[in-house]
Amino acid sequence: MFSGFFKSIAGKIAGFAIAQWLGGPLGQILGSIASRIVNSAMSGGGFGLNSFTGGFSDGIMSSFTQAVTGGQSPPGASGDESEGVRYASAATGSASDAGGAAGDLRIEFIQFDKRTENILTGLHPDVAATAREQLIRMSEDDLGVDVKLYEGYRTLQTQEGYFNAGSSNVKVGYHNVGAAYDIQLFEPDGRYIQNGSDIAYQQAGRIGKELGLTWGGDWKNLIDAGHFQLDRGISIKTMWDRFKLGRDIYTGE
C-alpha cells in the first residue's frame, strides 16, 4: 500500500484538521479517531473497530492531559525535563560536521508528535538532528509501526531514581548531557511493542548505527533496545565536566 511516511503524514493531517476545526475535547477525540482511521485505511486495514476505539482512547488521553497540564507533558514525564537545558535550538534539525554522521544529515524538517518535538528541544543540536534523521528513515522504511521519542535529557534527580530502581547502572549518563534518547515503537492500533527483539527495534538499531549512534540493543548487560546515544567515543566524565562548565559537550569550546 502506501509508504509509512505518507501514511503517518496523511493521518496526522486529517486528525489535525478536524481537531482545529471543532476545537476543545471533542475536536481532540474526533481528530484522533480520524487519524487512526486514515492510517488503517491506507495500510489496507479498512475502517475497523480497532481504529475507532484506539483513536477514541488517544483523544480522551490527549484532551485530559491538555486540561490538566495546559498542553504540557504530565508532571514527572521525561518531556518536561528539557526546560532546564540550553539546547532550545535543536528542533531545527540542522547539525554540525564535528564527527560522527552529523555532516551527512539532510536539512529537512518534519513535524512529529508533540512529545517527540518537545524532547528534541532538550537534546544537543547534533543529537537532535541525528534523532530526527533516524525517525525519518524509519518512516521511509515502511515498517508498519509508529515510532516516537520517549525520553531525552534527564535531570540528575531522575537519573538517580532510575539508578536506585535498577533500571540504569550509572548515576550520571549521556542522558544527563542531552546526548542520548529513547524511542518507543507502536503497532498501527496503538499497542506498545515491548519486545526489544522485534524486527522493528532491530531495524531502528541498524539505522541508528549507520548514523554513528551507539545502540543499547548491543549491550551485554542491561540491554536497552530503545536507547541511542551520540557519544563519538567521548567518555561521559569528559562530557559531564564540559556540560557543567557550559561548554559544548563534543568540542569543549
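Q: In which loop does Arg232 lie?
A: Arg232 lies in the loop between E4 and helix H8 (236–244). Keep in mind that this is a predicted model.

Q: What is the phi of Arg232?
A: Its phi is near 55°, a positive value in a residue other than glycine. Leu222 also has a positive phi, about 55°, although Leu222 is not a glycine.

Q: What is the strand order in the open sheet?
A: The sheet has 4 strands, paired antiparallel, in the order E1-E2-E4-E3.

Q: Which strands stand at the edges?
A: The edge strands are E1 (146–151) and E3 (214–215). Each has a single partner strand, so one side of each has no neighbour in the sheet.

Q: How many bridges join strand E2 to strand E4?
A: Strand E2 (residues 180–186) and strand E4 (residues 227–229) run antiparallel and are joined by 3 bridges. Asp182 has His227 in E4 as its bridge partner.

Q: Which strands does helix H5 touch where it packs on the sheet?
A: Helix H5 (residues 125–140) touches E1, E2 and E4. The direction of H5 makes about 20° with that of E2.

Q: How much space lies in the second largest pocket?
A: The general idea is that rolling a probe the size of a water molecule over the atoms shows where empty space is left. In this model, the second largest pocket holds about 610 Å³ of space.

Q: Which residues lie nearest the centre of the second largest pocket?
A: Of the 32 residues that line this pocket, Arg154, Ser167, Asp182, Asp224 and His227 lie nearest its centre. By class, the lining has 14 nonpolar, 14 polar and 4 charged residues.

Q: Which element gives the most to the lining of the second largest pocket?
A: E2 gives the most, with 3 residues. At least two lining residues come from each of E1, helix H6 (156–165), E2 and E4.

Q: Where is the place of His175, and which residues does His175 touch?
A: His175 sits in the loop between H6 and E2. Leaving aside residues up to four places away in sequence, His175 touches Glu151, Gly152, Tyr153, Arg154, Gln159, Ala180, Tyr181, Asp182 and His227.

Q: Why does His175 count as buried?
A: The relative accessibility of His175 is 4%, and buried means under 20%.

Definitions and conventions:
Residues are numbered from 1 along each chain as its sequence is written. This is a predicted model: local features need pLDDT of at least 70, side-chain atom pairs count only at pLDDT 80 or more; totals for chains, interfaces and linings use all residues. Side-chain values use heavy atoms; hydrogens and water are left out. Two strands pair if DSSP finds at least two bridges between them. Contact means heavy atoms within 4.5 Å. Axes are lines fitted to C-alpha atoms, for helices over the stretch in contact, and angles run from 0 to 180 degrees between N-to-C directions. On a 1 Å grid over the protein atoms alone, a cavity is a set of points where a 1.4 Å probe fits but cannot get out, and a pocket is an open set with protein on both sides within 12 Å along at least five of seven lines; lining residues have an atom within 4 Å of a point. Grid points are joined across faces, edges and corners, and a volume is the space filled by probe spheres set on the points. Ala, Val, Leu, Ile, Met, Phe, Trp, Tyr, Cys and Pro count as nonpolar, Asp, Glu, Lys and Arg as charged, and the others, Gly among them, as polar. Buried means under 20% relative accessible area, exposed over 50%, partly exposed in between (1.4 Å probe, protein chains only).
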